[in-house]
Amino acid sequence: MTELTLRRSELDRARVLRLLQDYGVYAGVAVLILVNVVLTPNFVSGENFRTQAVQVAPVMIVALGMALAIGSQGIDLSVGSVMALSTSLLSLYLGYGPWIAVLVAVIGGMVIGLANGSLIAFIGVQPIVATLALMVAGRGLALVLLPQLKDVRDPGMATLGSGSVLGIPYLVLIAVALAIAVAFVVRRTTFGRQLLAIGDSRPAAQLAGLPVRRVLIIVYVVSGALAAVAGVIATARLTASDPTSLGTLMELSAITAVVVGGTPLSGGRVRIGGTVAGAVLIQLLTATLIKHDLPPSWTQIAQAVVIVAAVYAARERGKR
Amino acid sequence: MKSTAQLGRTAVRTLVATGLSLSLALTAGACAKSEDDGGSKDKDKGASGDGGQVVSSPSAGNAKTCTIDQFGAEKLDLKNATVGFSQSEKEANPFRIAETASIKAEAKKRGVKLLTANAQSQFSKQISDVQDLIAKGADLLVIAPLNSDGWGPVLRAASAKKIPIVTIDRKINSKACKDYVSFIGSDFVEQGKRAADQMIEATGGKGEVAILLGAPGNNVTTERTKGFKDRIKAKAPDLKVVFEQTGEFSREKGQSVTEQLIQSNSKISGIYAENDEMGLGAVTALKSAGKKAGDVKIVTVDGTRNAVQGIVDGWIHGVVESNPRFGPLAFQTLDTFTKGEKVAQDIVIQDSAYTEKNAESDLSKAY
């Protein structure tokens with residue numbers, strides 16, 4: 001009898017934690033919005049929502065690629081450096097016009113992704129090591145190509161950075177479109193299924209005859225491309241290419257968004273909605289602390305608390 | 001188990017992939033075509049001539065000095081000496097670029113052999129850089145220290161060999177004339193005070209202002225903040241500092257933080273940015289929020305060409321200069337010292353300022 005109640009209460013606990021992992025991030029966003037509506041002047045304004053959405057766009061786009069990498073039981077530490085490389089290439093090729101420059105920047109990101117994927121899929125280097133190597137190399141390459149900040153004067157880039165349609169900034173539209181596309185790929189395509197199977201168990205996927213290597217390479221190429229797009233967007237917003245500081249610690253923000261969003265680091269599961277909400281949660285947290293002029297170190301501590309809470313929920317669930 | 005043939009193929013594929021990335025690196029440089037800048041502003045940056053430093057502090061007399069006899073080294077002729085220069089950060093921002101260029105230009109001008117090293121913002125690397133420079137035969141050292149503390153081991157090695165050291169832009173916490181000879185640099189507290197003066201003038205000494213702080217835990221940040229706040233408190237008690245957030249000396253952070261600021265606080269009448277880059281980020285934020293030039297008064301510190309251009313365009317009210325062209329003064333100090341004459345232990349340079357009055361005419365002095 002007592003044993004039975006004990007088991008039931010444990011079950012309840014597991015259920016609560018599961019709910020927390022699945023929906024905690026949305027609850028967190030809702031709470032932060034509520035707090036701000038009450039406490040922050042001018043929070044409820046189109047202008048403010050636009051600002052938050054524009055600021056979160058690059059992190060969100062990078063986090064989409066990161067979610068795929070983590071879902072395949074990997075990780076991509078090179079994303080911040082890919083952003084830097086992307087901004088360098090963009091600046092170097094703007095002479096040919098914005099379209100070509102953006103294309104070159106995205107191809108650059110894909111090439112870094114290809115190198116990541118090849119090291120991981122063919123040589124069998126651990127994702128954390130392979131992408132760490134390209135994180136270092138990518139930043140170096142970016143600085144060789146463009147050693148210092150350079151202004152971007154191209155009118156097309158300026159429009160991309162500050163223009164909007166029906167009050168929604170282009171940058172936000174791009175981020176939302178990419179999120180929908182990635183969510184579709186994960187849920188509705190063979191590739192998505194294969195990715196999750198590989199993330200669950202690579203040996204099993206191999207035995208089942210899935211194209212493990214091809215899928216892994218595509219994952220990192222996509223992650224590189226997304227990071228490059230984020231680099232383009234950040235450049236357009238700043239109207240300057242700054243390879244020294246652009247994308248620094250971006251990998252950590254992206255991993256945080258993914259993990260807080262309920263994607264387990266153990267792979268086999270990808271939650272795109274949660275990832276988007278995770279990025280928004282961090283953005284709102286930072287914005288709240290800045291708007292109320294609290295010490296910047298608090299932001300980092302608050303982020304740490306959120307991460308630990310998210311990982312705790314995921315860990316309990318894994319034990320079940 | 002994989003067969004050798006398979007392994008070989010794998011290796012080839014990876015090689016192809018890595019080769020691709022490498023070729024990207026090479027071609028990227030080769031066929032690049034960037035936007036036209038208008039002017040060749042990257043050239044002759046930091047070259048001496050106009051914009052060289054002027055000493056402000058040692059008005060002779062009571063200032064502490066140092067001679068080569070006190071230091072315990074032997075006289076030598078600078079022309080035949082080897083000078084080692086240890087730079088702290090990568091030359092990726094205008095200040096460091098101008099600083100290194102100025103040291104190199106002056107060495108070339110005087111025909112002195114110069115060895116250089118760059119610590120890439122890692123203190124441990126700077127320590128070994130300096131040890132390397134000594135091992136390579138530097139007779140004199142010019143150091144732009146990354147930190148003020150932690151120089152014990154290096155200074156002991158240098159003073160055992162009686163190598164005179166001049167530190168530039170940041171001071172070392174150690175005994176002048178014993179562990180090192182002189183420090184040449186700006187007074188960051190004074191820069192903050194002068195920025196405050198400009199802000200008081202711009203706002204009429206009333207209203208609310210914000211500070212975009214530099215990187216946390218950096219003495220430049222602390223001192224530029226202290227000078228600014230002290231002066232505001234003393235001269236314009238009606239001017240309130242209502243917002244202090246770090247922009248980490250970067251344009252992007254300066255922009256993001258300013259965007260948050262102007263939405264939640266529409267009454268802000270001035271922004272003090274502790275370097276030009278954050279100030280330029282604030283300008284971008286104000287522009288995209290639909291503000292007009294001059295709506296919010298921006299005062300920055302550094303004196304880079306982009307910021308001074310910002311004054312000409314009306315977006316920035318004033319820039320307090322922090323002069324990076326240490327070359328002439330550093331070599332002049334070494335020359336005087338090695339001849340056996342006395343030099344000051346603390347050489348504070350006179351920084352100028354840019355306002356709407358002189359921005360256009362002095363634009364060429366900006367770095």
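How are H3(B) and H11(B) oriented to each other, and why? The legends below describe close-up views of a predicted model, and the view that answers this question comes first.

**View 1. Helix H3 (residues 94-110) and helix H11 (residues 327-338) of chain B pack with their axes 8 Å apart.** The angle between these two helices is about 50 degrees, and H3(B) and H11(B) are therefore oblique to each other, since an angle counts as roughly parallel under 35 degrees and as roughly perpendicular from 65 to 115. H3(B) passes H11(B) in a right-handed crossing. On the H3(B) side the contact is made by Ser102(B), Ile103(B), Ala105(B), Glu106(B) and Arg110(B), which meet Gly327(B), Pro328(B), Ala330(B) and Phe331(B) of H11(B). Sorted by class, the residues of this contact are five nonpolar, two polar and two charged.

**View 2. The axes of H8(B) and H9(B) come within 7 Å.** The two helices cross at roughly 45 degrees, and H8(B) and H9(B) are therefore oblique to each other; the crossing in which H8(B) passes H9(B) is right-handed. From H8(B) the contact draws on Arg251(B), Glu252(B), Lys253(B), Gly254(B), Gln255(B), Thr258(B), Glu259(B) and Ile262(B). From H9(B), the residues taking part are Glu277(B), Met278(B), Gly279(B), Leu280(B), Gly281(B), Ala282(B), Thr284(B), Ala285(B) and Leu286(B). By class, the contact of H8(B) with H9(B) comprises six nonpolar, six polar and five charged residues.

**View 3. In chain B, the domain assignment gives domain 1 (54-186 + 324-351) and domain 2 (188-322).** The C-alpha centres of domain 1 of chain B and domain 2 of chain B are 32 Å apart. Where the two domains touch, six residues of domain 1 of chain B are in contact with eight residues of domain 2 of chain B, and the side that belongs to domain 1 has three nonpolar, two polar and one charged residues. A UniProt record, an unreviewed entry, places the feature "domain: Periplasmic binding protein" at residues 92-341 of chain B. In the model this span is 48% helix and 20% strand, and its end C-alpha atoms lie 37 Å apart.

**View 4. Chain B meets chain A through 36 residues of chain B and 45 residues of chain A.** The side of chain B that touches chain A receives at least two residues from each of helix H1 (4-30), strand E9 (239-246), helix H8 (251-264) and helix H9 (276-288) of chain B. Of the elements of chain B, H1(B) gives the most to this side, with eleven residues. By class, the residues on the side of chain B that touches chain A divide into eleven nonpolar, 18 polar and seven charged.

**View 5. Helix H2 (residues 46-71) and helix H7 (residues 170-188) of chain A pack with their axes 9 Å apart.** The angle at which they pack is about 25 degrees, which makes H2(A) roughly parallel to H7(A), and the crossing of H2(A) and H7(A) is left-handed. H2(A) contributes Ala53(A), Val54(A), Ala57(A), Met60(A), Ile61(A) and Leu64(A) to the contact, while H7(A) contributes Leu171(A), Val172(A), Ala175(A), Leu178(A), Ala179(A) and Val182(A). By class, the contact of H2(A) with H7(A) has twelve nonpolar residues, with no polar and no charged residues.

**View 6. UniProt lists "transmembrane region" for several spans of chain A, in an unreviewed entry.** Over residues 127-146 of chain A the chain is 95% helix and 0% strand, with the end C-alpha atoms 28 Å apart. Residues 166-186 of chain A are 81% helix and 10% strand, and the end C-alpha atoms of this span lie 29 Å apart.

Note on methods: Residues numbered from 1 in each chain as written. Chains lettered and ligands numbered in written order. Predicted model: local features only at pLDDT ≥ 70, side-chain atom pairs only at ≥ 80, totals over all residues. UniProt positions renumbered as here; feature names shortened; annotations may be inferred. Helix = DSSP H or I, 4+ residues; strand = E, 2+ residues; numbered from the N terminus. Contact = placed C-beta atoms within 7 Å. Nonpolar A, V, L, I, M, F, W, Y, C, P; charged D, E, K, R; others polar. Axes fitted to C-alpha atoms, helices over the stretch in contact; angles between N-to-C directions. Parallel < 35°, antiparallel > 145°, perpendicular 65-115°, else oblique. Left-handed = near helix turned anticlockwise from the far one by under 90°. Domains from an automatic or database assignment.
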